[in-house]
Amino acid sequence: MKIEIKKTINSSAAQVWKIFAHDFDDAYIWMSSIPNSHGKDFGKKFPGAHSSGRVCELNSDPKGIKAEELFLAYDEENKSCTIKIEFANTSVFFPIQYNVLNFSLREIAEHKTEVNWIVDSHLKPFAHLLYPIIRLGFGFFVQQILEELKYFAENGKPHPRKTKAVEKLSNVA
């Protein structure tokens, strides 16, 4: 299942690249779906990258589902990277084997950047039966991530959805 989304962000490519690539380990700061994230040494570290990958906790349970994300390619000069996303601590019914994300930026004007996000999601065999539902939900999820990246790059603060998610976690704790 492949989803490609382009989004224009009213910020420089350098700023967007800093948020997405240089601050890669700190996705929890701006992504509402990530309560916590941290860098992890998966092996090869590419020139310019601040880590070789990260772990994103997808809920507040330390033993809960996690996304383990590894750079497969990283090009500082062209502001592009490829990331393999594998999932840990999932149920047998979790539909995704892994994702491969190709992320690239192109400055289209001063303080205006086009983000190209291509994610290829490799589904488990049973998930193909639910393909339309999974594609719709996954597409919505990817749109939200890009909205949150855009908001953070343009405003210097997390999207209201992230603020609400943090408040919700604070009330639970």
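Predicted model: local features only at pLDDT ≥ 70, side-chain atom pairs only at ≥ 80, totals over all residues.
User: In what order do the elements of the chain run from the N terminus on?
Analyst: The secondary structure comes to three helices and seven strands. From the N terminus, the order is β-α-β-β-β-β-β-β-α-α.

User: Why does the radius of gyration of the chain agree with that of a compact globule?
Analyst: The C-alpha trace spans about 45 × 35 × 35 Å along its principal axes. A compact globule with 173 residues would have a radius of gyration near 16 Å. The chain agrees with this because its own value is 16 Å.

User: What share of the residues of the chain count as buried?
Analyst: Buried means under 20% relative accessible area. The accessible surface of the chain comes to about 9,300 Å², and 55% of that belongs to carbon and sulfur atoms. Of the 173 residues, the buried share is 42%.

User: How far apart are the mean positions of the positive and negative charges?
Analyst: The chain has 22 positive and 21 negative charges. The distance between their mean positions is 4 Å.

User: What does α2 reach from its first C-alpha to its last?
Analyst: Helix α2 covers residues 131–155, which is 25 residues. At 1.5 Å a residue, 36 Å is expected. The helix comes close to that, reaching 36 Å.

User: Which residues of α2 are buried?
Analyst: In an α-helix, residues three or four places apart point the same way, because there are 3.6 residues a turn. The buried residues of α2 are I134, F138, G139, V142, Q144, I145, L146, E148, L149, F152 and A153.

User: Which residue just after α2 takes a positive phi?
Analyst: The phi there is about 70 degrees. The residue is G156.

How values were computed. Residues numbered from 1 in each chain as written. Heavy atoms only, no water. Helix = DSSP H or I, 4+ residues; strand = E, 2+ residues; numbered from the N terminus. Rg over C-alpha atoms; globule rule 2.2 N^0.38 Å. Buried < 20%, exposed > 50% of the residue type's maximum accessible area, 1.4 Å probe, protein only. Areas by Shrake-Rupley, 256 points an atom, 1.4 Å probe, with all protein chains shown as cover. Lys, Arg positive; Asp, Glu negative; His and termini not counted. Charge placed at Lys NZ, Arg CZ, Asp CG, Glu CD. Expected span 1.5 Å × (residues − 1).
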